[in-house]
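Please look over the sequence and the model, then follow the sections below.

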Amino acid sequence: MVARIIPVPSFDLTVFGGTGDLARRKLIPALYRRMRDGQAPRDARILAAARSDLDDAGFRAMAREALEEHVPAAERPAEDMDAFLAMLGYVKVDAMGTEGWDALAERLADQPDRPRAFYLSVAPSLFGPIAERIAGAGLGGPNTRIVVEKPLGRDLEGARALNAQLAEHFDESQLYRIDHYLGKETVQNLMAIRFANALFEPVWNARHIDHVQITVAESLGVGGRGEYYDRSGAMRDMVQNHLMQLLCLTAMEPPNMFDPDAVRDEKLKVIRALDPIGPGHIGTDTVRGQYRGGPLGPSYVEDAGDPDSHTECFVALKAEISNWRWAGAPFYLRTGKRLRARMSEIAIQFKAPPHSIFEGETCHGNTLVIRLQPDEGITLKMTVKDPGPGGMRLIETPLDMTFAKALEGRGVSMPDAYERLIMDVIRGDQTLFMRGDEVEAAWAWVDPIIAAWEHSGAHPQPYDSGGSGPEDALMLMHRDGRRWREIA
Ligand code: NAD
């Protein structure tokens, strides 16, 4: 396995909100690493545009601090740091007003033909005003790309309004809606496993697969973000986007080619084939939870600052896809805060062999686990003979492929999702970005569930911090004669 670096052309990237948390933690380190690997050319320009009173030197000092905090010292030789910081600049811009826009246009004027990306790392209420001003400042040519990130609306109506605001000034082909889960190496590998190997595709259906489990478990609570989080909840914050994307990539038909619209068309078909979960099924097919207080910290409602909060920080649900491939093989989704461990995975549970020829021995179905974190990798649980002279006893054992181990000693490290995604923006490849209609279709499925919860007036169920979620989440699967995989 050799990682090949294909350099991108010289580009100008403007990060609105370039002084914010996302920029400091993720975007600046990602850009630094891409430059260091020789993928982002050293004459690329990265401008931060934000409200703070800074100049180029001030922003470079801030970026240096961000790199010192988020990139290991061994990866920060002075020469590379200096080269990267020289690529950075700062423009004070008011997204809602007129200040700074002429200065920004002036900074970019001498390179009109470069890919010109604008990363909107700001609150979504600023997406429309910024898009309008980019176009108004004459910066919206055919090589302009606009990058936005969640939350893309808080319901279907909001998502439509956001899409309409962006569409007023930019074509869909210029819009890059990030779901950073799609930039994860393992998630892309899911597509490689499915569509670059003939082994799995013939059995990738309800005839051979019993069910699929998708888990995104976090060990931390909402902490200081409680009040902010309480306005959204796990369904909006995680299920509508990240878990839905993982479900789509697992369930979609093979696209005819690895091309942005071919892939996104197939994902959209999956979302549209999801059975609606109406008020009649809310009680059986969905579970909401809130963590209790304990040694790990205060309870969810205390973190949220609202003792009567009805917002869920845990969701488990059963999704059924009504098409030929999946009818009869449900997808169980689960995500929550303050659970036993930080773990994200997609587990494909195959059916057991129809008959055991080994007397007294049970043959279990194989499990293919695509692990997103920790230790990105893929495991196939197989049944084999227990070695030794003790007769034909069977044991289950994993065939394990941890990518970081596979890459060890090759001088290649696992890239962060943002590294891949930002380079795709510059290359003009939208394959790993969500199209507007996909986002809207996901809201259209999620909205009635949230509405039914609100209508019921019921409280989410409390669960123990550091556990695996509310009792009813276990029951959700037990009723179907199945069980969740352990969160570990
Ligand atoms: P933040 O509050 O840390 O930073 C906001 C940035 O926006 C600052 O640089 C600020 O100067 C700038 N800004 C605010 N109002 C402005 C205005 N009127 N004109 C110009 N600049 C203005 O926010 P963040 O955590 O970096 O998040 C940015 C966006 O990314 C949000 O929409 C957030 O939901 C989303 N997001 C963040 C994360 C994360 O890990 N932080 C993850 C996913 C999505």
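## Terms and basis

A residue is called buried when its relative accessible area is under 20%, exposed when it is over 50%, and partly exposed in between, using a 1.4 Å probe and the protein chains only. The model is a predicted one, in which local features need pLDDT of at least 70 and side-chain atom pairs count only at pLDDT 80 or more, while totals for chains, interfaces and linings use all residues. Residues are numbered from 1 along each chain as its sequence is written, and side-chain values use heavy atoms, with hydrogens and water left out.

## A buried histidine

By that definition His-242 is buried, because its relative accessible area is 2%, and the residue has its place in helix 9. Helices (H or I, at least four residues) and strands (E, at least two) are DSSP runs numbered from the N terminus.

Lys-150 is in turn joined to Pro-151 by a cis peptide bond with omega of about 0°, and Pro-151 is found in the loop between strand 5 (144-149) and helix 6 (156-167).

## Domains and core

The domain assignment, which is automatic or taken from a database, gives domain 1 (12-149) and domain 2 (182-411 + 437-442 + 462-478). The centres of domain 1 and domain 2, taken over C-alpha atoms, are separated by 35 Å.

A nonpolar core is a set of buried Ala, Val, Leu, Ile, Met, Phe, Trp, Tyr and Cys residues joined through side-chain atoms within 4.5 Å. The largest such core has 147 residues, and those with the most contacts inside it are Phe-16, Phe-84, Ile-134 and Phe-331. Helix 9 (residues 234-251) supplies the largest share of this core, 11 residues. Both domain 1 and domain 2 give residues to this core, so it lies between them.

## The ligand and its surroundings

The ligand is surrounded by 21 residues, the closest being Thr-19, Asp-21, Leu-22, Arg-25 and Val-122; a residue is near the ligand if one of its heavy atoms lies within 4 Å of it. Helix 1 (residues 21-36) gives the most to this shell, with 3 residues.

An oxygen atom of the ligand lies 2.4 Å from an N or O atom in the side chain of Arg-25, and a nitrogen atom of the ligand is 3.4 Å from an N or O atom in the side chain of Arg-51. At Val-122 a polar backbone atom is 2.7 Å from an oxygen atom of the ligand. Taken alone the ligand exposes 830 Å², and the protein buries 75% of that, with areas from the Shrake-Rupley method and a 1.4 Å probe.

The peptide bond from Gln-373 to Pro-374 is cis, with omega near -10°, and Pro-374 is found in the loop between strand 12 (367-373) and strand 13 (377-385). Asp-375 lies in the loop between strand 12 and strand 13; its phi is near 55°, a positive value in a residue other than glycine, and Asp-375 counts as exposed at 53% relative accessibility.

Methods: A polar contact is a pair of N or O atoms within 3.5 Å; within protein, one must be able to donate a hydrogen and the other to accept it, and residues adjacent in sequence count only if both atoms are side-chain atoms.
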